[in-house]
Amino acid sequence: QIPLLKLAILDPEFFANSQHPARMLVNRMAQAGRGLPQDCGQEHPLCRDISRVADAVRTALENVNADLAPYLAELDALIARRDDTVQAAAAPYIQLVARHENREAARARAQEWLKEVLRKTTAPAIASFLSEHWVRVMESACLEGGTGGTAWQEGHAAAAELLWSVQPKQTPDERKQLMALIPAL
C-alpha cells in the first residue's frame, strides 16, 4: 500500500489515467480475487499467488521507473486460469439451465396453442381431452422440432381434424370425408 501511495502522490496521472500501469495492477488484483469467499485466508492458492505478485511489485516499485508489465501479465494469467476453471465447472449447469428453459418455452407455446384451439370448440369432452392430454403431445412436439417442425404440424392437424369431426356435417361429401377420417383419428 505504501509504495502505491507514494506513486499516487508523485504521479498526478495515477488517478486521472485509467490505463496507468499501477492502477491497472490494483484493478487486476481485485479482479483476480473476485468470487473468493469472504472468509478465504492467505492459505488459499489464489491468495498466495496474489500475495506473491504483490510482494514482487512492492520490491519493483522501490525503483521509480518500475516496469509493471510482467506483473500485469502474471495477473492476467491467474485471471484466465480462474475463469477457465469457473467456466469448466459451470458447463454442465449451463446445459441444465438451457434444457429447462427449452422445456418452459415449449410448455408456454403449447399453452398458447391450447388457448387458441379451445376457442374453436364447445364440446366439453374434446376440451378436456385437449387440455389434459393433447397439450402434452404439443409440448413434446415443440421440444422435438419447434412450432415449424413436422411433429408440431402433424399434432396441430390432428387436433384440427378432431375439432372438425365433432361439428355437424351438412353435406354428403362432408359425411363421406368424416367416414374416411375416423379410422385415422
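**Entry 1: the order of elements**

I read along the sequence and wrote down the pattern α-α-α-α-α-α-α-α. My tally of the secondary structure is 8 helices and 0 strands. I'm reminding myself here that this is a predicted model.

**Entry 2: overall shape**

I then checked the box that the C-alpha atoms fill, and along the principal axes I got roughly 100 × 35 × 25 Å.

How much of the protein is buried? I noted 27% of the 185 residues. I also looked at contacts with a separation of 6 or more, and 48% of them join residues 24 or more positions apart.

**Entry 3: helix α3**

I went to α3 next, which runs over residues 21–33 and has 13 residues. From first C-alpha to last, α3 reaches 18 Å, close to the 18 Å expected at 1.5 Å a residue.

Which residues of α3 are buried? I listed Ala22, Met24, Leu25, Arg28, Met29 and Ala32. Looking down the axis of α3, I see these buried residues fall within an arc of 155 degrees, so they line one face of the helix. I jotted a reminder beside this: an α-helix has 3.6 residues a turn, so residues three or four places apart point the same way.

What covers that buried set? I found that the cover includes α1 (2–10), α2 (13–16), α4 (45–60) and α5.

**Entry 4: helix α7**

My list of buried residues in α7 reads Trp152, Gly155, Ala159, Leu162, Leu163 and Ser165. Down the axis of α7 they fall within an arc of 165 degrees, so they too line one face of the helix. I looked at the face turned away from the buried side and found the exposed residues Thr150 and Glu154 there.

Which helices do the buried residues of α7 pack against? I wrote down α5 (69–118), α6 (124–145) and α8 (172–181).

**Entry 5: a closer look at Ser165**

I picked Ser165, which sits in helix α7. Is it buried or exposed? Ser165 has a relative accessible area of 15%, and the cut-off for buried is under 20%, so I count this residue as buried. I left aside its neighbours within four places in sequence, and found Ser165 in contact with Leu178 and Leu185.

**Entry 6: Pro172**

I moved on to Pro172, which is found in helix α8. Its relative accessibility is 57%, and exposed means over 50%, so Pro172 counts as exposed. I also checked Pro172 against Arg109, which is 63 residues apart from it along the chain. Their C-alpha atoms are separated by 37 Å.

**Entry 7: rings**

Last, I looked for aromatic rings. How many aromatic pairs are there in the whole structure? My search found 1. I also looked at what lies over the face of Trp164, and there I found Lys169, at 4.0 Å from the ring centre.

Conventions
Residues are numbered from 1 along each chain as its sequence is written. This is a predicted model: local features need pLDDT of at least 70, side-chain atom pairs count only at pLDDT 80 or more; totals for chains, interfaces and linings use all residues. Side-chain values use heavy atoms; hydrogens and water are left out. Buried means under 20% relative accessible area, exposed over 50%, partly exposed in between (1.4 Å probe, protein chains only). Helices (H or I, at least four residues) and strands (E, at least two) are DSSP runs, numbered from the N terminus. The arc is that of the directions from the helix axis to the C-beta atoms. Contact means heavy atoms within 4.5 Å. Rings of Phe, Tyr and Trp (its six-membered ring) pair if their centres lie within 6.5 Å; planes under 30 degrees apart count as stacked, over 60 as edge-to-face and the rest as tilted. A charge sits over a ring if NZ of Lys or CZ of Arg is within 6 Å of the ring centre and within 35 degrees of the ring normal. The expected span of a helix is 1.5 Å times one less than its number of residues.
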